[in-house]
Amino acid sequence: MAGCCAALAAFLFEYDTPRIVLIRSRKVGLMNRGVQLLILAYVIGWVFVWEKGYQETDSVVSSVTTKAKGVAVTNTSELGFRIWDVADYVIPAQEENSLFIMTNMIITVNQTQGTCPEIPDQTTRCLSDATCFSGSTDTHSTGVSTGRCVPFNASVKTCEVAAWCPVEDDRQVPRPAFLGAAENFTLLVKNNIWYPKFNFSKRNILPNATTAYLKSCTYNAHTDPFCPIFRLGKIVEDAGHSFQDMAVEGGIMGIQIKWDCNLDRAAALCLPRYSFRRLDTRDVEHNVSPGYNFRFAKYYSDQGREYRTLIKAYGIRFDVIVFGKAGKFDIIPTMINIGSGVALLGVATVLCDIIVLYCMKKRFYYREKKYKFVEDYEQGLNGNTDP
């Protein structure tokens, strides 16, 4: 108890003030200057030069529009000779910061409402009506079971369903890709950016670009890095993948546009930087449900009866991702970082004190010179009985 009271009294009634002690030591002196030099290098090199700590920063606000171009030709037994243009393979026509290009498909023509056998699999094969349950549905079924077991072909029977008939058979994905020619299609990306804090705006079609230039240029990281028109095959290749392989089952590609602008320099030096990467993970060891696909249908009537053509579309979705920041000189962050740097210089003193007072051979001698204990002067006078 007495120890606690003494500690409390020391905390309340004692005052510490720094004492300057000049230590003539090469080791300590060099260590002190070395630590100070490292701190100065950090503040000047990293904080001010690399991180531009003298600037106020702002994040980019962006809008993106895209336009695809290209024509492909196919000639199949099911569809015959056919020309494919933008209106056929871009689905939907417009998306926010994205564009889907159909590269492969499974097409089921002339479907109409009726009854027909299911595609054979473990759950739809049957031997008699007893194994088919009328009215049952399943998430993987194409319709509602009628309860009948009917021939699918000469050797296989499956449960009959009420559905759009004939039902889609998607067990085999076409190889090579139906629209493999999409490799040579082009994509124009128009990107407008704005930094609201600095009221600075720009777009990725540079001021010196002309109509003739846009009709002839194609992006190349080495020869034409600022052309906003990209060949689809080149995008996939630059991301380290094969376009023809990706076109079979589809996937998602990211077109990354980076805007890092130093607004203390000329506005003409604020330029976009493009990079590409595949966004959907393609792990060879875990390849369940790969790629990207969806279904849509085109409806029509013939002699009062409704028909549709069902298309399971495989393709590549291109997501345009814009990011970046801008910086401009401002006195407030400059003074804050200067003050932080000056405060960091105190670390050198603290470190040297620890070495001198606790690690060196003469630590007790230095500690004696560092600390001096002084009693209260007024108490000394009151308690003095000498004349």
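**The cysteines and their links**

Cys149 is buried, with a relative accessible area of 11% (buried means under 20% relative accessible area, exposed over 50%, and partly exposed in between, with a 1.4 Å probe and protein chains only). This is a predicted model, in which local features need pLDDT of at least 70 and side-chain atom pairs count only at pLDDT 80 or more, while totals for chains, interfaces and linings use all residues. Residues are numbered from 1 along each chain as its sequence is written, and side-chain values use heavy atoms, with hydrogens and water left out.

Let's follow Cys149 to its partner. A disulfide, meaning a pair of cysteine sulfur atoms within 2.5 Å, joins Cys149 to Cys126, with 2.0 Å from S to S. The pair links distant parts of the chain, 23 residues apart: Cys149 sits in strand 6 (144-151), and Cys126 in the loop between strand 5 (98-117) and strand 6. Helices (H or I, at least four residues) and strands (E, at least two) are DSSP runs, numbered from the N terminus. Cys126 is buried too, at 7%, and the link is right-handed, with 95° about the S-S bond.

Across the whole structure, a search finds five disulfides. Another one joins Cys217 and Cys227, again right-handed, at 70°. Both of these cysteines lie in the loop between helix 4 (211-216) and strand 10 (229-231), so the bond ties together parts 10 residues apart in sequence.

Finally, which cysteine has its sulfur too far from that of Cys352 for a bond? That is Cys359, whose sulfur is 11 Å from the one in Cys352, its closest cysteine sulfur. Cys352 is buried, at 7%, whereas Cys359 is exposed, at 51%.
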